[in-house]
Amino acid sequence: MPAHLPSKVCVTCGRSFTWRKKWERTWDEVRYCSKRCRGGPSADDQACEILILRWLNERPCGTSICSSEVARALAVANGCIDDEWRQLLEPARSAARRLVASGDVVITQRGDVVDPSTTKGPFRIRWA
Ligand SMILES: [Zn+2]
């Protein structure tokens with residue numbers, strides 16, 4: 001990402017995105033990185049966010065939770081069958097990225113804090 005261009009964090013997917021020419025006049029109002037994100041966080045997405053915060057509150061300080069654990073738990077709550085829980089992996093990750101953007105949590109892989117915008121695959125979530 002070029003350092004000289006302003007960037008902000010998408011309110012839906014929680015990834016950072018960089019200024020583009022098309023946003024020249026509207027940059028201050030831009031909230032979403034893409035057309036796909038324009039609908040805002042889905043209900044599943046918001047449920048993941050609530051679940052992450054609840055678990056972090058309930059568990060001993062310093063405990064981390066896995067993004068796929070969040071997806072599986074929501075799948076159970078939603079009555080998903082077989083491997084439908086996999087469809088909730090992305091909502092779980094988006095929820096965690098949004099919480100990183102708000103400064104509440106960090107995400108880690110193999111114990112290291114990683115960048116939510118570029119990290120691929122499952123990660124762990126803990127209080128910032
Ligand atoms: Zn987005």
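**Exercise 1. In which helix is Ala 75 found, and is Ala 75 buried or exposed?**

Solution. Keep in mind as you work that this is a predicted model.

Step 1: Find the residue along the chain. Ala 75 sits in helix H2.

Step 2: Count its surroundings. Ala 75 has 21 C-beta neighbours inside 10 Å, and a residue is buried if 20 or more other C-beta atoms lie within 10 Å of its own. Ala 75 therefore counts as buried.

Step 3: List its contacts. Once neighbours within four places in sequence are left aside, Ala 75 is in contact with Cys 80, Glu 84, Trp 85 and Leu 88.

Step 4: Look further along the chain. Val 9 is 66 residues apart from Ala 75, and 27 Å separate their C-alpha atoms.

**Exercise 2. Describe how helices H1 and H2 meet.**

Solution. Step 1: Locate the two helices. H1 covers residues 43–58 and H2 covers residues 67–78.

Step 1: Compare their axes. These come within 10 Å and cross at roughly 115 degrees. The crossing of H1 past H2 is right-handed.

Step 2: Name the residues that meet. H1 brings Asp 44, Ala 47, Cys 48, Leu 51 and Ile 52, while H2 brings Val 70, Ala 73 and Leu 74.

Step 3: Sort them by class. The contact of H1 with H2 has seven nonpolar residues, one charged residue and no polar ones.

Step 4: Zoom in on one partner. Leu 74 touches Asp 44, Ala 47, Cys 48, Leu 51 and Leu 88, with residues up to four places away in sequence not counted.

**Exercise 3. Which residues of the largest nonpolar core touch the most other members, and which element gives the most to this core?**

Solution. Step 1: Start with the membership. The largest nonpolar core has 17 residues, and those touching the most other members are Cys 48, Ile 52, Leu 74, Ala 92 and Ala 96.

Step 1: Assign the core to elements. H1, H2, helix H3 (89–101) and strand E4 (105–109) each give two or more residues to it.

Step 2: Pick out the main contributor. H3 gives the most, with five residues.

**Exercise 4. Where is Phe 123 found, and which residues does Phe 123 touch?**

Solution. Phe 123 belongs to the loop between E5 and strand E6 (124–127).

Step 1: Check the burial. Phe 123 is buried because 22 other C-beta atoms lie within 10 Å.

Step 2: Go through the contacts. Not counting residues up to four places away in sequence, Phe 123 touches Ser 67, Ile 107, Thr 108, Gln 109 and Val 114.

Step 3: Take one of these partners. Ser 67 is 56 residues apart from Phe 123 along the chain, yet their C-alpha atoms are separated by 5.7 Å.

**Exercise 5. Examine the backbone at Asp 82 and Arg 110.**

Solution. Most residues other than glycine have a negative phi.

Step 1: Read the two angles. Phi of Asp 82 is near 50 degrees, a positive value. Phi of Arg 110 is also near 50 degrees and positive.

Step 2: Locate them. Asp 82 is in the loop between H2 and H3, and Arg 110 is in the loop between E4 and strand E5 (112–113).

Step 3: Asp 82 has 7, so Asp 82 is exposed. Arg 110 also has 7 C-beta neighbours inside 10 Å, so Arg 110 counts as exposed.

**Exercise 6. How many residues does each domain give to the contact between domain 1 and domain 2?**

Solution. The domain assignment gives domain 1 as 7–37 and domain 2 as 43–127.

Step 1: Note the separation. Taken over C-alpha atoms, the domain centres are 23 Å apart.

Step 2: Count the contact. Six residues come from domain 1 and seven from domain 2. The side of domain 1 that touches domain 2 has two nonpolar, three polar and one charged residues.

Technical notes. Residues are numbered from 1 along each chain as its sequence is written. This is a predicted model: local features need pLDDT of at least 70, side-chain atom pairs count only at pLDDT 80 or more; totals for chains, interfaces and linings use all residues. Axes are lines fitted to C-alpha atoms, for helices over the stretch in contact, and angles run from 0 to 180 degrees between N-to-C directions. Helices (H or I, at least four residues) and strands (E, at least two) are DSSP runs, numbered from the N terminus. A crossing is left-handed if the near helix is turned anticlockwise from the far one by less than a right angle, and right-handed if clockwise. Two residues are in contact if their C-beta atoms, placed from the backbone, lie within 7 Å. Ala, Val, Leu, Ile, Met, Phe, Trp, Tyr, Cys and Pro count as nonpolar, Asp, Glu, Lys and Arg as charged, and the others, Gly among them, as polar. A nonpolar core is a set of buried Ala, Val, Leu, Ile, Met, Phe, Trp, Tyr and Cys residues joined through C-beta atoms within 7 Å. A residue is buried if 20 or more other C-beta atoms lie within 10 Å of its own, exposed if 12 or fewer, and partly exposed in between; C-beta atoms are placed from the backbone. Domain bounds come from an automatic or database domain assignment.
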